[in-house]
Amino acid sequence: MAPERLLTPHRPHLLRAFYEWLLENDLTPHLVVDATQDGVEVPQEHVRDGQIVLNIGPSAVGNLALGSEDVVFSARFGGVPRRIVAPMAALVAIYARENGAGTVFEDEPYYEALREGKIALEGEGPDDDPEPPKPGGGRKAPFLKVVK
């Protein structure tokens, strides 16, 4: 019997879907983050019982990126601008401030394997070359494309 294949996580997809749904219903999305996880960058003075609740509504944050591996945005805390980073593995829930509608994220085998070091995020593995690619080395240089 073949070993069970590790599926990619569904948390990023659920996060984006619930975020859009909450905005569509004129609700304010809040994100609950486990601040004890590796890679979390939040103002520690606002962490309570190992968690932080972040308003991620459009009027509260700037440059919000709901990526596949993390959530990144800028926000002000006590008038001080901060860059916030919350890896997907650290997300606990997304809900509406007004009525609590939303979801709690279940633990996924992918994130468990990530925490145990059985897998690595792209760009973090031992085979990844930290040096830039050499000209003619077969690797294409990164580029940006303007999308209108």
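## A tour of the salt bridges

The model holds 6 salt bridges, each being a side-chain nitrogen of Lys or Arg within 4 Å of a carboxyl oxygen of Asp or Glu. This is a predicted model, where local features need pLDDT of at least 70, side-chain atom pairs count only at pLDDT 80 or more, and totals for chains, interfaces and linings use all residues. Residues are numbered from 1 along each chain as its sequence is written, and side-chain values use heavy atoms, with hydrogens and water left out.

Start by selecting Glu108 and Arg11, whose side chains form a salt bridge with an N to O distance of 3.7 Å. Glu108 sits in the loop between β7 (102–104) and α2 (109–115), while Arg11 belongs to helix α1 (residues 11–24), so this pair ties together parts 97 residues apart in sequence. Helices (H or I, at least four residues) and strands (E, at least two) are DSSP runs, numbered from the N terminus. Are these two residues buried or exposed? Glu108 is buried at 5% relative accessible area, and Arg11 is buried at 2%. Here buried means under 20% relative accessible area, exposed over 50%, and partly exposed in between (1.4 Å probe, protein chains only).

Next, select Arg83 and Glu41: their closest N and O atoms are 3.4 Å apart, in another salt bridge. Arg83 lies in strand β5 (residues 80–87) and Glu41 in the loop between β1 (29–34) and β2 (51–55), so the pair ties together parts that are 42 residues apart in sequence. Arg83 is exposed at 53% relative accessibility, whereas Glu41 is partly exposed at 40%.

Finally, pick Asp107 and Arg115, which meet in a salt bridge at 2.9 Å, N to O. Asp107 is partly exposed at 46% relative accessibility, and Arg115 is partly exposed at 40%.
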